[in-house]
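Subject: The structure we talked about

Hi,

Here is the structure I promised to pass on. Have a look at it first, and then read my notes below with the picture open beside you.

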Amino acid sequence: MLSVEGLRHTFGEGGGQVVALDGVSFTLMPGQALAIFGPNGAGKTTLLKVLAGLIRPQAGSVQVTGGRRAIGWIGHQSHLYEHLTVRENLLFWASLYGVPAARRGPRAAEVLGRLGMRDRADRPVWSLSRGLAQRAAIAKALIHDPSVLLLDEPFTGLDLAAAAELRALLGELRGGGGGAAGRVVVLATHNVDEGVELATDVAFQRHGRFVHFAPRGGREPAGIAEAYRRAVTDG
Amino acid sequence: MDELFAQAWTVARKDLLLEFRTRTAIVSTVVFTALVLTVFNFGRDPTAVPTIDLAPTILWVTFTFAAMLALNRAFQLELENQALEGLLVSPLNRTSLYWGKLIANLVFVAVVEAVGLPLFVLFFDVPVGRVLVPLIGVIALATLGFVAVGTLFSALVIRTRFAELLLVVILLPFLVPPLIGAVQITAQLLGGRPLSEAVGYFKLLAAYDIVFVSLASFLFRFTVDE
Ligand SMILES: Nc1ncnc2c1ncn2[C@@H]1O[C@H](COP(=O)(O)OP(=O)(O)OP(=O)(O)O)[C@@H](O)[C@H]1O
Ligand SMILES: [Mg+2]
């Protein structure tokens, strides 16, 4: 479970002060995927960094069942060491996240296979194209089988096929259908088309606030995109 | 406790593997050390000041600056793709991160010193044969102190501009006590004095190490978390 209450965070002082988070509260259970849509500067990344524990919010609280170990976070940066191979990176992070030594190798192979990277496993990260590096970053975030996934623009740099693959993978990870427990997924993007399929809940963020927050229900992607366009353009 | 050491070792092994892959930092530091010793070798007048009086200072000035180069690199490599951010959100204990960096830095500096010491003996023709074991003991003790404090400070300055310069400026004052001890002991050893005369300075070095390794292990968490 992931639960936040009354989050508020600002950057800077006085006239130059920016409100990045303003009164954000929600609770997500396993099997729920929240898609947060917002324009540049809306505070999406700040929110995900707060959820990941990288930024301590000025007000409000965050609760994650399982703590740091339970979180998989894909941010704007890959956290990969360029001069290590993809596999060496994965084994390093697996070890830090407490994956037992005997499980690390098989787990790395499994995640790489799932992301279509098996034949790139032993290449240094610096030699990867942007899209492949993004896939490696996703593999890194999944290596310890996190139960809470925080994804900040995860489709950046992926081609159409890879993006569709990732959507399918995220849907599978979210699970929750047919009685399975599933995972909590939070996905932030400025592109409605990219994230809406997977979402069970939808939020529009603007100037740090959730100006809209509701279950997706039976709404069509086109309808949500239209509502989003109106929400971020009016007044 | 086992978990703390295991995590520290994971970090250290990763740093050493990275160093082994690129080799740029270690090679340039070794070359730097060789160059400094060469410059000192030719830039002095052996008829004016006896070599034996200058040699200890030269050895320690060289090792101090070589250690600075190593320390600058320790957290620099975590800025690549913001890996540091990844470390901070992971369950990695902050003390383990410090120890991991400390171990990797010690190995790095030890390699440089292992190349530097024979060059020093060769250039300055100092009699180390009989005092080799205590000399290595001084080097080990002083290096541990340098690197323990330096690792803490290198984390402190990493997000600032001119981190390299700032590190040298804030670190050097803290290195004065072990530097004095190391130079004194080295001078006594090379001068053929009995080992018993150096005991006081050995104690100083050991006390410095104990105090600063403990203090830095405790304070480190306040440097990396914003
Ligand atoms: N470290 C920082 N220091 C100062 N201001 C910041 C910092 N981080 C974010 N901001 C500001 O906070 C606001 C929200 O930024 P944030 O990165 O969370 O937006 P975002 O929704 O992720 O935007 P984008 O779609 O461009 O990634 C912006 O106005 C940004 O300039
Ligand atoms: Mg962002």
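**What I found**

B:Thr223 touches B:Leu152, B:Ala155 and B:Leu156, leaving aside residues up to four places away in sequence. One thing to keep in mind from the start: this is a predicted model. B:Thr223 is part of helix H8 of chain B, which covers residues 199–224. Is B:Thr223 buried or exposed? With a relative accessible area of 15%, B:Thr223 is buried, since anything under 20% gets that label. The side chain of B:Thr223 also reaches back to the backbone oxygen of B:Phe220, at 2.6 Å.

While you are on helix H8 of chain B, find B:Gly200, which sits in that helix too. B:Gly200 comes out as partly exposed, at 49% relative accessibility; the cut-off for exposed is over 50%.

**Where the chains meet**

Now zoom out to the contact between the two chains. On one side there are 24 residues of chain B, and they are in contact with 22 residues of chain A. About 2,200 Å² is buried between chain B and chain A, and carbon and sulfur atoms give 61% of that area. Which residues of chain B lose the most area to chain A? They are B:Asn81, B:Val89 and B:Pro91, and together they account for 28% of what the chain B side buries.

There are 12 residue pairs in polar contact between chain B and chain A, counting pairs with both residues at pLDDT 80 or more. Two elements of chain B give two or more residues to the side that touches chain A: helix H1 (2–22) and helix H4 (83–89). Helix H1 of chain B gives the most, with nine residues. Sorted by type, the residues on that side of chain B are 10 nonpolar, seven polar and seven charged.

How many salt bridges are there between chain B and chain A? The count is one. The partners are B:Arg21 and A:Glu88, whose side chains meet at 2.6 Å, N to O. A:Glu88 lies in helix H2 of chain A and B:Arg21 in helix H1 of chain B, so this pair joins two chains. B:Arg21 is partly exposed, with a relative accessible area of 35%.

Side chains of opposite charge can pair when their charged atoms come close. Over all chains, the structure holds 18 salt bridges. Here are a few to click on.

In chain A, A:Asp145 forms a salt bridge with A:Arg183, and their closest N and O atoms are 2.7 Å apart. A:Asp145 is in the loop between helix H4 (130–142) and strand E6 (148–152), while A:Arg183 is in the loop between helix H5 (160–174) and strand E7 (184–189), so the pair ties together parts of chain A that are 38 residues apart in sequence. A:Asp145 is partly exposed, with a relative accessible area of 40%.

In chain B, the side chains of B:Glu19 and B:Arg73 meet in a salt bridge at 2.6 Å, N to O. B:Glu19 belongs to helix H1 and B:Arg73 to helix H3 (residues 51–76), so this pair ties together parts of chain B that are 54 residues apart in sequence. B:Glu19 counts as buried at 9% relative accessibility, and B:Arg73 counts as buried at 10%.

Chain B also has a network of salt bridges that links B:Lys14, B:Asp15, B:Glu78 and B:Lys101.

A:Thr45 is partly exposed, with a relative accessible area of 22%, whereas A:His76 is exposed, with 53%.

Cheers

Methods:
Residues numbered from 1 in each chain as written. Chains lettered and ligands numbered in written order. Predicted model: local features only at pLDDT ≥ 70, side-chain atom pairs only at ≥ 80, totals over all residues. Heavy atoms only, no water. Contact = heavy atoms within 4.5 Å. Buried area = accessible area lost by both parts, 1.4 Å probe. Salt bridge = Lys/Arg side-chain N within 4 Å of Asp/Glu carboxyl O. Polar contact = N/O pair within 3.5 Å; in protein donor to acceptor, adjacent residues only side chain to side chain. Helix = DSSP H or I, 4+ residues; strand = E, 2+ residues; numbered from the N terminus. Nonpolar A, V, L, I, M, F, W, Y, C, P; charged D, E, K, R; others polar. Buried < 20%, exposed > 50% of the residue type's maximum accessible area, 1.4 Å probe, protein only.
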